[in-house]
Structure formats: structure tokens, C-alpha cells
Amino acid sequence: MNDNDLVVFDTYYTDADAYIAKGVLETNGVPCIINNEIMSSVYPITVTSLGEIKLLVFRRDLELARRIMASKPLSDQEG
């Protein structure tokens with residue numbers, strides 16, 4: 001295994017959720033790539049893996065990405 005290998009950080013069923021997570025990670029210095037973006041637009045299926053959007057990070061950043069997302073839950077709403 002190489003630290004420069006891309007690994008799946010998480011899987012999302014909407015591109016909005018994937019882009020929010022990508023933005024949080026990149027703002028905190030973790031480069032990432034959204035995979036399967038085109039397929040999710042063409043086939044907006046949420047039940048099967050065909051519509052999944054994978055957020056990829058470098059293996060070396062995986063633990064940092066987990067810590068960042070654990071400290072910044074996407075589901076929390078202010079107010």
C-alpha cells in the first residue's frame with residue numbers, strides 16, 4: 001500500500017452531499033476527488049450502487065479526513 005493511493009473516504013447518494021463534504025475537507029487542507037459524478041446525474045438512483053458518489057482521499061489523509069468530519073457533522077443545523 002502506498003500513501004499516495006486514492007481510497008474511498010465515504011459514499012453519498014446526492015452530489016450536493018458529496019460537494020458539501022468535499023468543501024469541508026478541502027477547506028481543512030485535505031485534497032479530495034469526487035468519483036462517479038456523471039453517473040449519478042444520468043442515473044439518479046439512490047437504492048443501488050449505480051447512483052453512489054464516492055469521495056476519494058489519499059490514503060495518507062484518511063485518518064485526518066475522518067477526524068475533520070467527526071468534528072463537523074453535516075447534519076447539525078444552527079438556530
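Analyst: This is a predicted model.

Helix 1 itself covers residues 15–27, 13 residues in total. From its first C-alpha to its last it reaches 18 Å, close to the 18 Å expected at 1.5 Å a residue. The chain around it contains three helices and three strands, and from the N terminus on these run in the order β-α-β-α-β-α.

The buried residues of helix 1 are Ala-18, Ala-21, Lys-22, Val-24 and Leu-25. They lie on the same side of helix 1, because they cover an arc of only 165° around the axis. What they pack against is strand 1 (6–12), strand 2 (32–35), strand 3 (53–58) and helix 3 (62–71).

One of these buried residues is a lysine, Lys-22. Its relative accessibility is 19%, and the cut-off for buried is under 20%, so Lys-22 counts as buried. Leaving aside residues up to four places away in sequence, Lys-22 touches Cys-32, Ile-34 and Leu-55.

Lys-22 also has a charged partner: it forms a salt bridge with Glu-26, with the closest N and O atoms 3.0 Å apart. The two residues are four apart in helix 1, so about one helical turn separates them. Glu-26 is partly exposed, at a relative accessible area of 37%, whereas Lys-22 is buried.

The structure holds three salt bridges, and the other two can be set beside this one. Arg-66 and Glu-63 meet through their side chains at 2.7 Å, N to O. They are three residues apart in helix 3, and about one helical turn lies between them. Arg-66 is partly exposed, with a relative accessible area of 42%, and Glu-63 counts as partly exposed at 45%. Glu-52 and Lys-54 form a salt bridge with an N to O distance of 3.3 Å. Here Glu-52 is buried, at 14%, while Lys-54 is partly exposed, at 27%.

For the chain as a whole, buried residues make up 29% of the 79 residues. Among contacts between residues at least 6 apart in sequence, 71% join residues at least 24 apart. The accessible surface comes to about 5,300 Å², and carbon and sulfur atoms account for 52% of that surface.

Methods. Residues numbered from 1 in each chain as written. Predicted model: local features only at pLDDT ≥ 70, side-chain atom pairs only at ≥ 80, totals over all residues. Heavy atoms only, no water. Buried < 20%, exposed > 50% of the residue type's maximum accessible area, 1.4 Å probe, protein only. Contact = heavy atoms within 4.5 Å. Areas by Shrake-Rupley, 256 points an atom, 1.4 Å probe, with all protein chains shown as cover. Expected span 1.5 Å × (residues − 1). Arc of directions from axis to C-beta. Salt bridge = Lys/Arg side-chain N within 4 Å of Asp/Glu carboxyl O.
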